[in-house]
Amino acid sequence: MARCFITRTLPGTALDRLAQTHEVDVWPQHLPPTHEDLVKRAPAMEGLISLPTDPIDAELIENAPLLRAISNYAVGYDNIDLQAAKARQIPVGHTPDVLTNATADLAFALLLAVARRLPEAMAAVRAGEWLTWGPSSHLGVELANATLGIVGLGRIGQAVARRGEGFGMRVIHTDSRSTADDLASLLESADFVSLHAPLTEDTRHLIDETVLNAMKPTAILINTGRGGLVDHDALAAALKGGSIAGAALDVTEPEPIPLDHPLLDAPNLIITPHIGSATTTARERMAEIAVDNLLTGLAGEPMPHAVPD
Ligand code: GLV
């Protein structure tokens with residue numbers, strides 16, 4: 001029986017399964033443990049289920065001499081210092097596939113919402129500004145025949161591409177082998193740019209002032225990947241200056257975004273609170289996979305969903 005720390009309670013019954021064979025300590029609060037809270041608990045941890053909100057860094061791993069398995073409740077794992085885990089031969093797992101459809105659905109919901117200016121139209125109804133059917137009111141853009149640029153054609157990027165094809169869009173993409181020139185040519189022709197690359201040292205602020213200036217002034221940017229992919233000050237300036245037409249972010253840097261951030265008064269911008277995988281189905285399946293990863297890692301067996309090397 002190993003002592004497992006879970007940094008928040010998870011939906012479904014997966015944690016009950018873990019508790020059948022291990023001691024399970026679940027952080028009871030709505031807000032995540034602070035780094036100090038995590039380091040304080042580290043000496044007793046043998047297994048850990050972490051969330052994207054929890055930085056599992058070298059200091060934490062150093063303070064956890066008994067730690068034998070880390071299971072991240074997310075497909076992304078940029079919150080984990082993989083080198084520090086590898087140096088201790090601690091296996092790290094994540095939860096791919098089961099959240100692909102949920103996240104692609106949200107990317108598409110955001111794309112449609114910005115394209116058709118839904119937040120503005122909904123606000124107009126509540127503000128009593130819906131006085132008549134106006135021929136020139138709330139005009140948006142159509143998806144059919146528009147070009148959708150997918151940056152990062154992994155599982156989620158491909159699922160968004162399929163949705164785009166269903167709407168009659170022309171889909172272009174970059175992937176991990178693409179060069180800066182490939183990205184530049186995608187930006188030149190894309191009417192919608194949807195980000196699905198992982199956050200790494202190479203992709204941090206991939207979308208910066210230069211890139212935003214290279215986009216069409218009518219283009220719309222969607223980010224359901226990681227906030228760090230986009231330079232937020234540059235995006236605020238691009239939206240306010242009209243160098244792009246709109247954006248939707250499900251992820252920001254930091255999260256939550258401070259209420260006085262310049263992005264919050266930018267025009268034609270939607271921000272949602274990192275809900276890409278937030279369907280009951282996806283989150284319950286993620287919990288099952290996180291528990292499978294932890295159980296196998298603790299047993300010294302290969303995790304079914306270990307993070308790629
Ligand atoms: C959530 O952001 C995830 O990576 O699963």
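**Entry 1: a strand pair and its sheet**

I began with strands E9 (residues 220-223) and E10 (residues 246-249), which run parallel and are joined by four bridges. Within that pair, Ile222 stands opposite Ala248 in E10. A note on terms: helices (H or I, at least four residues) and strands (E, at least two) are DSSP runs, numbered from the N terminus, and two strands pair if DSSP finds at least two bridges between them.

Before going on, I noted the ground rules: this is a predicted model, where local features need pLDDT of at least 70 and side-chain atom pairs count only at pLDDT 80 or more, while totals for chains, interfaces and linings use all residues. Residues are numbered from 1 along each chain as its sequence is written, and side-chain values use heavy atoms, with hydrogens and water left out.

Which strands make up the open sheet, and in what order? I found six, in the order E7-E6-E8-E9-E10-E11, with parallel pairing. Strand E7 (170-174) and strand E11 (269-271) stand at the edges with a single partner strand each, so one side of each has no neighbour in the sheet. From one strand to the next, the twist averages 15°.

**Entry 2: helices lying across the sheet**

Contact means heavy atoms within 4.5 Å.

**Entry 3: H10 and His232**

I then turned to helix H10 (residues 232-241), where His232 is found. Is His232 buried or exposed? His232 counts as buried, because its relative accessibility is 4%. The cut-offs are under 20% relative accessible area for buried, over 50% for exposed and in between for partly exposed (1.4 Å probe, protein chains only).

A polar atom of the His232 side chain lies 3.1 Å from the backbone nitrogen of Glu253. Leaving out residues up to four places away in sequence, His232 touches Gly227, Leu249, Val251, Thr252, Glu253, Ile257, His261 and Leu263.

The buried residues of H10 include Ala234, Leu235 and Leu239. The buried residues of this helix pack against helix H9 (209-214), E9, E10 and E11. Just after H10, Gly242 takes a positive phi of about 80°.

**Entry 4: the loop between E10 and E11**

I checked the backbone here. Most residues other than glycine have a negative phi, and most peptide bonds are trans. The bond from Glu253 to Pro254 is cis, with omega near 0°, and Pro254 lies in the loop between E10 and E11. A cis peptide bond also joins Glu255 and Pro256, with omega about -10°; Pro256 has its place in the loop between E10 and E11.

Asn268 is found in the loop between E10 and E11 too, and its phi is near 50°, a positive value in a residue other than glycine. Asn268 is partly exposed, with a relative accessible area of 29%.

**Entry 5: around E4**

I moved on to strand E4 (residues 69-72). Ala69 and Ser71 point one way, Ile70 and Asn72 the other, and all are buried. Strand E3 (residues 47-50) runs parallel to E4 and is joined to it by four bridges, with Gly47 opposite Ala69. E4 also pairs in the parallel sense with strand E5 (residues 92-93), over two bridges, and Ile70 stands opposite Val92.

**Entry 6: helix H5**

How many residues of H5 are buried? I found 12 of the 16, so this helix is largely enclosed by the rest of the structure. Among them are Phe108, Leu110 and Leu111. Just after H5, Arg117 takes a positive phi of about 55°.

In the loop between E5 and H5 I found Asp97, with a positive phi near 70°. Asp97 counts as partly exposed, at 43% relative accessibility.

Methods
Polar contact = N/O pair within 3.5 Å; in protein donor to acceptor, adjacent residues only side chain to side chain. Axes fitted to C-alpha atoms, helices over the stretch in contact; angles between N-to-C directions.
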